[in-house]
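Colleague: I am new to this structure and would like to go through it with you. Could we start with a term that will be needed along the way?

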Amino acid sequence: MTTARFYCQYCMASLLGKKYVLKDDNPYCVSCYDRIFSNYCEECKEPIESGSKDLCYKGCHWHEGCFNCTKCSHSLVEKPFAAKDERLLCSECYSNECSSKCFHCKKTIMPGSRKMEFKGNYWHETCFVCEHCRQPIGTKPLISKESGNYCVPCFEKEFAHYCSFCKKVITSGGITFHNQPWHKECFLCSGCRKELCEEEFMSRDDYPFCLDCYNHLYAKKCAACTKPITGLRGTKFICFQDRQWHSECFNCGKCSVSLVGEGFLTHNKEIFCRKCGSGVNTDI
């Protein structure tokens with residue numbers, strides 16, 4: 001570049017003996033350069049002149065003296081910081097305002113440190129431990145109780161019941177039959193092997209049976225309707241000698257009047273009220 005043509009690309013003023021700035025290989029006087037090319041500070045809204053340090057973050061610019069935490073106003077120059085809702089915060093302010101608190105020690109989980117999440121709560125990795133052995137659980141399987149979280153081996157050792165049928169650990173749910181624990185899927189009818197956890201059932205010799213199997217195998221049959229007498233839900237029935245009747249089936253064989261609580265007479269396999277039975281050879 002010859003001195004004869006050494007002038008500002010914008011205002012054409014001579015740059016001989018003056019400060020200038022090169023932009024795309026073209027010289028500009030300082031005032032023109034600042035007016036045309038300077039970025040504006042996000043904080044003070046003033047241009048960042050060529051003689052000032054321009055700090056840039058995600059396309060935004062600040063004067064060095066304006067690049068501060070928006071909460072505590074401490075300088076962020078050459079210090080770690082984070083952005084929250086378009087605000088710049090120092091690490092301490094960001095942690096106090098935005099970071100999770102450990103469910104165990106109640107202290108802030110600092111940005112960049114590993115945290116564990118379980119049931120909507122957060123822990124430091126070193127605080128998320130088995131309540132019994134105090135070893136970090138990490139991402140291993142766990143079982144939770146009101147008293148805390150437990151690794152599977154400790155839970156089985158301290159709390160678990162073992163299914164009376166399959167002898168394996170019952171980790172949750174389950175039912176109790178004759179004071180013995182069972183998995184729901186293991187509690188089956190001893191006849192047809194149907195699951196009983198959501199069904200009514202009967203017991204015989206300490207074995208559970210669904211109603212169909214129990215009625216078929218063990219239930220007494222009504223002498224009148226021949227249907228099984230289960231005794232479920234307070235069902236009442238009548239016994240006489242070696243025969244049984246549903247309460248609603250215990251009626252006179254001739255006039256059908258109920259004999260519940262009344263005197264009656266029998267003849268062969270039939271029963272009669274006293275009035276109807278008086279005309280036949282009966283036994284009391």
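Predicted model: local features only at pLDDT ≥ 70, side-chain atom pairs only at ≥ 80, totals over all residues.

Colleague: Where is His61 placed?

Modeller: His61 belongs to strand E4, which covers residues 60-63.

Colleague: Is His61 buried or exposed?

Modeller: His61 is buried, because its relative accessible area is 16% and buried means under 20%.

Colleague: What else does His61 touch?

Modeller: Leaving aside residues up to four places away in sequence, His61 touches Asn39, Tyr40, Cys41, Glu42, Ile48, Asp54, Leu55 and Cys56.

Colleague: Let us turn to salt bridges. How many are found in the whole structure?

Modeller: The search finds two. In one of them, the side chains of Arg114 and Glu125 meet at 3.0 Å, N to O. That pair links distant parts of the chain, 11 residues apart: Arg114 sits in the loop between helix H2 (91-98) and strand E7 (115-118), and Glu125 in the loop between strand E8 (121-124) and strand E9 (142-145).

Colleague: And which residues form a salt bridge at 3.7 Å?

Modeller: Arg134 and Glu131 do, through their side chains. Arg134 counts as partly exposed because its relative accessibility is 40%, and Glu131 counts as partly exposed at 37%. In the Arg114 pair, Glu125 also counts as partly exposed, at 30%.

Colleague: What is buried in helix H1?

Modeller: Helix H1 spans residues 30-37, and Cys32, Tyr33 and Asp34 are buried there. Strand E1 (20-23) and strand E2 (26-29) are among what covers the buried residues of H1.

Colleague: Which residues does UniProt give for the LIM zinc-binding domain feature?

Modeller: The UniProt entry, which is unreviewed, places that feature at residues 39-100, 161-220 and 221-283.

Colleague: How far apart are the end C-alpha atoms of residues 39-100, and how much of that span is helix and strand?

Modeller: Those atoms lie 36 Å apart, and the span is 13% helix and 26% strand. For residues 161-220, the end C-alpha atoms are 37 Å apart, with 12% helix and 32% strand.

Methods
Residues numbered from 1 in each chain as written. Heavy atoms only, no water. UniProt positions renumbered as here; feature names shortened; annotations may be inferred. Helix = DSSP H or I, 4+ residues; strand = E, 2+ residues; numbered from the N terminus. Buried < 20%, exposed > 50% of the residue type's maximum accessible area, 1.4 Å probe, protein only. Contact = heavy atoms within 4.5 Å. Salt bridge = Lys/Arg side-chain N within 4 Å of Asp/Glu carboxyl O.
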